[in-house]
Amino acid sequence: EMRYISHLDWQNTIIKSLYRSGLSLVFSQGFNPSPKFSLGIALPIFVESECELIDIEIYDNIEEKNLAEKLNKVLPSKIRIINANKIDKNTPAIDIMAQWASYSFEPVIEGILQNKDLLYIKEVISSSNEIFIEKINKKGIKKLVNIKQSIKSIEVEENKLQMILKTGQSEEIPSVKPDDVISLYRPDINFKIIRKAFYDKDMNKL
């Protein structure tokens, strides 16, 4: 269900679920206090996910399993907390820790692309010295950005493309959206895109 909602809608869903959960939430200071939580890397609309990360700050001393169960009772039925872990309060924010993400790309219409077609896309990406996409900066200025370094790996498995792409905050390597990358090569084909996992700068799975 998450692929149909925007990042802002996802944020509102979490806020409402936290209020309904009965947890003792830690709130921000100021004139408009709100629960202290972080959603990390925004999920592009129409992209599914199996690995979203959320930081929530609470006062409760509760077991991880019980926390997951408590939140799953108030979340929409097809959005589930897979597991919960206690982390140190000084742990860096998600959008700083998460530097890479893996995605699978499967053609929506079965059989429309053969394995050889996907292998061709892999070969073109792997053999290219430069790959440019158009980005708009904060001032609204369009510019071409080389994203070759933003594609860490690409493989073909079971008639699906598997890519690890740059995400999060980085000055050296630009982050990219999975739909922007695949549309460079087959804009005529709709793909079911799933975010599978996040990795830190050393490629440790988060």
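User: Which helix lies across β7 and β8, and at about what angle does it run to β7?

Analyst: Helix α4, residues 115–127, lies across β7 and β8 (160–166), and its direction is at about 165° to that of β7. Such an angle is taken between N-to-C directions on a scale from 0 to 180 degrees, with axes fitted to C-alpha atoms and, for helices, over the stretch in contact, where contact means heavy atoms within 4.5 Å. The model is predicted, so local features need pLDDT of at least 70 and side-chain atom pairs count only at pLDDT 80 or more, while totals for chains, interfaces and linings use all residues. Residues are numbered from 1 along each chain as its sequence is written, and side-chain values use heavy atoms, with hydrogens and water left out.

User: What makes β2 and β7 edge strands of the sheet?

Analyst: The open sheet has 5 strands in the order β2-β9-β4-β8-β7, with mixed pairing. In it β2 (47–49) and β7 (151–157) each have a single partner strand, so one side of each is left without a neighbour in the sheet. From one strand to the next, the twist averages 25°. The strands themselves are DSSP runs of E with at least two residues, whereas helices are runs of H or I with at least four, and both are numbered from the N terminus.

User: How do you know that β2 and β9 are paired, and in which direction do they run?

Analyst: Two strands pair if DSSP finds at least two bridges between them, and 3 bridges join β2 to β9 (residues 191–199), the two running parallel. Among the facing residues, V47 stands opposite I193, and E48 has I194 as its bridge partner. Between β4 and β9 there are 8 bridges, and these strands run antiparallel; here E106 is partnered by K192 of β9.

User: Why is β9 called largely enclosed?

Analyst: Of its 9 residues, 7 are buried, so the rest of the structure largely encloses β9. Buried means under 20% relative accessible area, exposed means over 50%, and partly exposed lies in between (1.4 Å probe, protein chains only). Over the chain of 206 residues, buried residues make up 35%.

User: Why is E110 classed as exposed?

Analyst: The relative accessibility of E110 is 80%, and therefore E110 counts as exposed. This residue is found in the loop between β4 (100–107) and α4. From E110 to K138 the C-alpha distance is 39 Å, at a separation of 28 residues in sequence.

User: What makes K152 and K166 count as charges over the ring of W100?

Analyst: The criterion is that NZ of Lys or CZ of Arg is within 6 Å of the ring centre and within 35 degrees of the ring normal. K152 lies over the face of W100 at 4.6 Å from the ring centre, and the charged end of K166 sits over the ring of W100 at 5.8 Å from its centre.
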